[in-house]
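Student: I would like a close look at one part of this model, the place where the two chains meet. Could you take me through it in one connected account?

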2 protein chains.
Amino acid sequence: MPRVIKHPELRREELLDHAQALFLTQGYDKASLNDVIASAGISKGAFYHYFPSKEALLEALADRFARQALAGVQDILHDPGLDPLGRLNGLLSQSRRAKIETAPEAWALFETMFRPENLVLFHRINLAASASFSPLLVKVIRQGIEDGTFRTFDPEGVADIVMQFGMATRDVVAKAIAGGSDADMEAAIEVLEKRVRLYEIALDRILGLPDGSIRIGEPGYVRTVMTARRRTSAGKAR
Amino acid sequence: MPRVIKHPELRREELLDHAQALFLTQGYDKASLNDVIASAGISKGAFYHYFPSKEALLEALADRFARQALAGVQDILHDPGLDPLGRLNGLLSQSRRAKIETAPEAWALFETMFRPENLVLFHRINLAASASFSPLLVKVIRQGIEDGTFRTFDPEGVADIVMQFGMATRDVVAKAIAGGSDADMEAAIEVLEKRVRLYEIALDRILGLPDGSIRIGEPGYVRTVMTARRRTSAGKAR
């Protein structure tokens, strides 16, 4: 019985593995849906049962990355050794660590999202990724409100603001990629480093915490993630 | 000499007037580019000299709305009777007043932007509108930093956060419109009212001000803007 129920989910995961491998070697834009289908050795009809389009594959890959990144995170939410601020910082640091670790693959797979014509795709993928992260944020913000650490009346609204901070940096990254030069990238890194500092203090204050409580990035974090692109996908994507 | 130079700008304004009138009576989606061209009594080639597409017309109309709304606003920035907080609240209240006054026309013209397939258009139009507003915000935030009223190191970043607050409410409005029922609209109004309160306090705190300093909306503001749609464009757009 379990085998019968689990099978479609396993098949779906296998299709994602094939797509990911193909996108990594050929690049998302160059690999066609037919390539993915051929590499998976599956009929077209069977494939469309799982994914309606190539974009849906990318969306599902982003969702899988997000879920893998947050796999160990339930522990943080219930760690009795951490107060709500420690838990919130634990969530943010886990998300940061996952971004650094997956940066080379993530750039190769998702750089296409930062093209101007792919704003809708970016938005959809971002929503998919934040669907995993946002409820965890809400949970820990609620814990902090209950024990008096955080001063806010709208945990869902604050979680949305945190997710918006991520969306808001898109234009900076997109511009740097479109520019293409090392100078464009350096300028973007500078803006983003400053923005991370601002978002940290903004979130401190929105939650009624002393400045310097929240850690969204550590020094060098932005550079590590952004330069992972230069080392891996930059050549391939052009 | 001035007549020769001014002529293209006047012609452009006239084309926008024709497009606005047509979009208001027929609805943006139903009116074709050919309708606009016919109503303006101009050749197709001449038209394309000014606007490459129907979307470009809508973008230009949004930009014109934004500039008209902010016409009197330079006075606020230099009003010696106002401190920086007074000037910032003056800017926000002017933008609010403009939204209330233009709400019926704005809904009729721009509701189409909230359709899921028009996210790119929304983003472009929002960027065009914020291109007028954002520099004013930066200016008044700088004034407040200089005289010690505001505590932040990144005026451009804070102005971006204010503009993001506007972008962030899009999904709530879009969902209410897609739902279409009075209950959907009521639910959206409730979320938005709460969100306005959160954004006010968030901005207070990001700027290092006491809670309750910033006024983004007044009680009933969201309802006034949102129900202007029900009274005007709702029937037409369907």
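Tutor: In this predicted model, chain A and chain B bury about 2400 Å² between them, with 61% of that area on carbon and sulfur atoms. A:Phe153, A:Leu198 and A:Arg205 supply 27% of the area that chain A buries against chain B, more than any other three residues. The contact draws 29 residues from chain A and 29 residues from chain B.

The arrangement of the copies comes next. Chain A is superposed on chain B by a rotation of 180 degrees with 0.0 Å of shift along the axis, at an RMSD of 0.0 Å, and that is the relation of a two-fold axis. Within chain A, the C-alpha nearest the axis belongs to A:Arg205, 2.6 Å from it. The same surface serves both copies, since 100% of the contact residues of chain A recur in chain B.

On the side of chain A that touches chain B, helix H7 (119–146), helix H8 (155–168) and H10 each supply at least two residues, and the largest share, 9 residues, comes from H10(A). By class, that side has 14 nonpolar, 5 polar and 10 charged residues.

Helix H10 of chain A, residues 182–206, should span 36 Å for its 25 residues at 1.5 Å a residue, and its end C-alpha atoms lie 35 Å apart, which agrees. Its N-terminal end is capped by A:Ser181, a side-chain oxygen of which lies 3.3 Å from the backbone nitrogen of A:Ala183, while A:Gly208, with a positive phi near 75 degrees, follows H10(A).

How values were computed: Residues numbered from 1 in each chain as written. Chains lettered and ligands numbered in written order. Predicted model: local features only at pLDDT ≥ 70, side-chain atom pairs only at ≥ 80, totals over all residues. Heavy atoms only, no water. Helix = DSSP H or I, 4+ residues; strand = E, 2+ residues; numbered from the N terminus. Expected span 1.5 Å × (residues − 1). Polar contact = N/O pair within 3.5 Å; in protein donor to acceptor, adjacent residues only side chain to side chain. Least-squares fit on C-alpha atoms with pLDDT ≥ 70 in both. Contact = heavy atoms within 4.5 Å. Buried area = accessible area lost by both parts, 1.4 Å probe. Nonpolar A, V, L, I, M, F, W, Y, C, P; charged D, E, K, R; others polar.
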